[in-house]
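Q: I would like a close look at one part of this model. Please keep to what can be computed from the atoms, and give the cut-offs.

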Amino acid sequence: MSHEEETHQEQQQPVIEKAPYAQLEIEDGSDEQDTALPPPATASPQNSRAKLSAAAIIPVWIVLSSGVIIYNNHLYNALQFRYPVFLVTWHLTFATVGTRILQRTTNLLDGSKEVHVSKHMFIRSILPIGLLFSGSLILSNTAYLYLSVAYIQMLKAFTPVAILLISWASRIQDPNRKLMVIVLMISCGVALASHGELHFNLYGFAVQAAAVAFEASRLVMIQVLLHGLKMDPLVSLHYYAPVCALINLAVIPFTEGFAPFYDLPRIGPLILISNALVAFLLNVAAVFLVGAGSGLVLTLAGVFKDILLISGSVLLYGAPITPLQVFGYSVALCGLILFKMSGGK
């Protein structure tokens, strides 16, 4: 949701296989996280669900994924509705209701019947991952108040590096020469892109860096706590949206207070509902995206989406991009593609 805005994991208890970290970020880290709701993790599409070809679903996913970010940015900056915590909470509330409607009217959430969340699992896994999820969404949306869309997309390329550093520090994974080269490539690329940023804002940079840390921690925790479980993006959203909405609701009084509620009449219900609907449809599209193509195809689609989004932000908002940023981001993208192709190993 709110950059919005999307969700990951895996379900089915007997299986105890761990998916590579590269598979945990089919969108790019969210984007999506990032945007609205988080990107999907490894998922197993239901056999009863109609499958769409990659040529059909990838353009839809690119439009929705980019649309969420641009729409949110329009709300924050053009319409001056600068309340990211409220907007994330609204998206999650909409998703909570939306997933339950889909569960009763379609087969898109049939996978939830195979997921049994006990009290122990909720406290041990769902709640801590939900806390990281909320932090990631709030921080990533807050960054749009201070940084350009183009620069934020460049900074998101650092997510795989954060995942690897956390997994190495916690001894979940051992470093190797290939991964060290990838870390160096992405780090240097992001550093060059940052150095070339004409409107650098230290606070915004720190907020986005914290968002990346929260998102990477969430992905690693999913790998550790929910290995062997398989949820597609909608099933994940079904369980995490209400948890995160309640967490965010508890945060609003200490961050934005009643200000966003006073400003709602100015924005109007049409904008709020359409904004949340785009974020929710992104998660629906992600369900079909997971089984639509190979990992390389989805990775290249994500890279293409980021390039389009950066180009679009330059055209729509006049955000300046320097040649140094183009070069640095190109280096980071090459490292990102190598990371995805290697399976994070």
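A: The model is predicted, so local features need pLDDT of at least 70 and side-chain atom pairs count only at pLDDT 80 or more, while totals for chains, interfaces and linings use all residues. Residues are numbered from 1 along each chain as its sequence is written, and side-chain values use heavy atoms, with hydrogens and water left out.

The count comes to ten aromatic pairs; rings of Phe, Tyr and Trp (its six-membered ring) pair if their centres lie within 6.5 Å, and planes under 30 degrees apart count as stacked, over 60 as edge-to-face and the rest as tilted. Phe133 and Tyr240 form an edge-to-face pair, with 6.5 Å centre to centre and 70° between the planes. This pair links distant parts of the chain, 107 residues apart: Phe133 is in helix H3 (residues 119–142) and Tyr240 in helix H8 (residues 233–255). Helices (H or I, at least four residues) and strands (E, at least two) are DSSP runs, numbered from the N terminus; the chain has twelve helices and two strands.

Phe133 and Tyr240 are both buried, where buried means under 20% relative accessible area, exposed over 50% and partly exposed in between (1.4 Å probe, protein chains only). Buried residues make up 57% of the 345 residues in the chain. Arg218 lies over the face of Phe133, at 5.0 Å from the ring centre; a charge sits over a ring if NZ of Lys or CZ of Arg is within 6 Å of the ring centre and within 35 degrees of the ring normal.

Elsewhere, Phe81, Tyr83, Phe86 and Phe261 form one aromatic cluster. Phe81 and Phe86 are also among the residues that touch the most other members of the largest nonpolar core, which has 42 residues. Such a core is a set of buried Ala, Val, Leu, Ile, Met, Phe, Trp, Tyr and Cys residues joined through side-chain atoms within 4.5 Å. A second, separate core of 41 residues includes Ile62, Ile126, Leu298 and Ala301.

As for cysteines, the count comes to zero disulfides, a disulfide being a pair of cysteine sulfur atoms within 2.5 Å. Cys244 is buried, with a relative accessible area of 0%, whereas Cys334 is partly exposed, at 44%.
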